Amino acid sequence: GSEMCIRDSSIGMARSHIPSSYNHQWQKAMAWVRNNTEKNSVFAHWWDYGYWIQTIGERATVLDGGNFIIYWNHLMGRHVLTGKSEKEALEFLYSHNATHLLIDSTDIGKYPAYSSIGSDVNYDRYSYLPVFLLDERQTIETKDGMIKIYRGGFALDEDLIYKKDKEIFYPAGRAVIAAVKMDLEKIRNNEGQPEIIIFYQNRQEAIPLRYIYMDGKLYDFKKGYAGGLYLMPSIQQSSSGVNIKEFGAGIFLSERTIKSNLVRLYLFNFGENFKLVHSQDNLIIEDLKKQGAKINDIALFQGNILGPIKIWRINYPPGIEHKKEYLDLDYPNPEVAYAGPIY
């Protein structure tokens with residue numbers, strides 16, 4: 001009898017370890033790493049992927065899968081992923097001899113984790129990247145265009161003071177951005193500024209929104225709330241096939257997150273000292289592209305963001321210095337360690 005039990009449990013285990021399409025995407029990315037990067041390369045990324053890069057990719061990593069040096073997670077979250085400049089990231093990475101940076105699509109959803117772990121005691125980096133969906137019933141036809149409404153919910157990550165007739169104060173955590181409205185055609189012509197709809201104390205206000213990212217381009221309207229909406233396709237699968245809406249969804253970017261290295265590198269492909277050397281598409285997206293679908297590499301599929309695993313080669317400009325303090329094993333300020341993650 002005992003033999004039977006053991007066999008059953010090992011079959012059960014094998015079943016739960018069948019690689020998902022996500023794991024296949026990782027297998028392919030790591031095969032690229034083994035075949036195309038120097039054996040002594042050092043990879044930087046959020047700590048979750050340490051073991052995969054070490055075991056499947058056969059490369060060293062800055063953060064380890066065992067998550068032993070929590071302080072380095074703080075520095076990676078603070079200076080690299082949510083850092084507001086490449087220089088800030090480069091100083092940490094250079095101190096750890098990193099040659100490559102890797103960002104995975106699940107890092108979009110993990111923003112609350114590494115931004116809180118990367119924060120100071122006042123949670124100065126904390127934020128998240130919510131999805132806003134096109135509400136087709138709310139499309140408004142005007143005499144010269146179509147106004148589309150994207151709905152979602154983003155509780156402000158910083159206080160906002162908006163001057164209209166008088167100053168209106170919107171407190172962080174309590175005022176909520178519930179929608180973005182815009183005419184896509186007008187945005188392409190750099191006219192007709194998009195707006196956010198913000199709710200606070202039973203009042204709603206429309207405020208101009210500064211940025212929209214679409215068609216591989218960042219549109220800047222120069223004024224208004226200095227956040228943005230990153231537009232992407234939404235894909236629904238049904239018995240009759242796959243339905244792709246070109247701009248069916250967006251990722252809302254606050255004034256805080258839009259400046260982050262994560263958003264600038266992964267979503268906008270702005271890299272001065274980071275050269276994209278490999279992008280491994282999600283298998284579902286790869287498949288749709290093979291079938292001729294016109295689709296970019298990040299999309300919302302059945303409610304989940306699917307995107308590539310992106311790998312950059314880091315080019316250090318002259319003047320970047322080794323900072324000994326980035327190799328410390330403990331937080332210089334223990335209070336920061338207790339700030340801990342907010343999920």
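## Close-up views of a predicted model

**View 1. The lining of the largest pocket.** By class, eleven nonpolar, three polar and five charged residues make up the lining of the largest pocket, where Ala, Val, Leu, Ile, Met, Phe, Trp, Tyr, Cys and Pro count as nonpolar, Asp, Glu, Lys and Arg as charged, and the others, Gly among them, as polar. This pocket holds about 230 Å³ of space, a volume being the space filled by probe spheres set on grid points that are joined across faces, edges and corners. Among the 19 lining residues, those closest to the pocket's centre are Asp-215, Gly-216, Leu-231, Pro-233 and Asn-296. On a 1 Å grid over the protein atoms alone, a pocket is an open set of points with protein on both sides within 12 Å along at least five of seven lines, and lining residues have an atom within 4 Å of a point. Strand β13 gives the largest share of the lining, four residues.

**View 2. Confidence in the model.** This is a predicted model, in which local features need pLDDT of at least 70 and side-chain atom pairs count only at pLDDT 80 or more, while totals for chains, interfaces and linings use all residues. Residues are numbered from 1 along each chain as its sequence is written, and side-chain values use heavy atoms, with hydrogens and water left out. The protein chain has an average pLDDT (the predictor's confidence in each residue, from 0 to 100) of 89, and 91% of the residues score at least 70. Over residues 1–19, however, the pLDDT is below 50.

View 3. His-96 sits in the loop between α5 (86–95) and β3 (100–103), helices (H or I, at least four residues) and strands (E, at least two) being DSSP runs numbered from the N terminus. Because its relative accessibility is 10%, His-96 counts as buried (under 20% relative accessible area, with exposed over 50% and partly exposed in between, for a 1.4 Å probe and protein chains only). A polar atom of the His-96 side chain lies 2.8 Å from the backbone oxygen of Tyr-326.

**View 4. Trp-52 in helix α3.** Trp-52 lies in helix α3, residues 50–55, and with 29% relative accessibility it counts as partly exposed. Not counting residues up to four places away in sequence, Trp-52 touches Tyr-22, Asn-23, Trp-26, Met-30 and Gly-57, where contact means heavy atoms within 4.5 Å. The C-alpha atoms of Trp-52 and Asn-23, which are 29 residues apart along the chain, are separated by 9.9 Å.

Definitions and conventions. A polar contact is a pair of N or O atoms within 3.5 Å; within protein, one must be able to donate a hydrogen and the other to accept it, and residues adjacent in sequence count only if both atoms are side-chain atoms. On a 1 Å grid over the protein atoms alone, a cavity is a set of points where a 1.4 Å probe fits but cannot get out, and a pocket is an open set with protein on both sides within 12 Å along at least five of seven lines; lining residues have an atom within 4 Å of a point.
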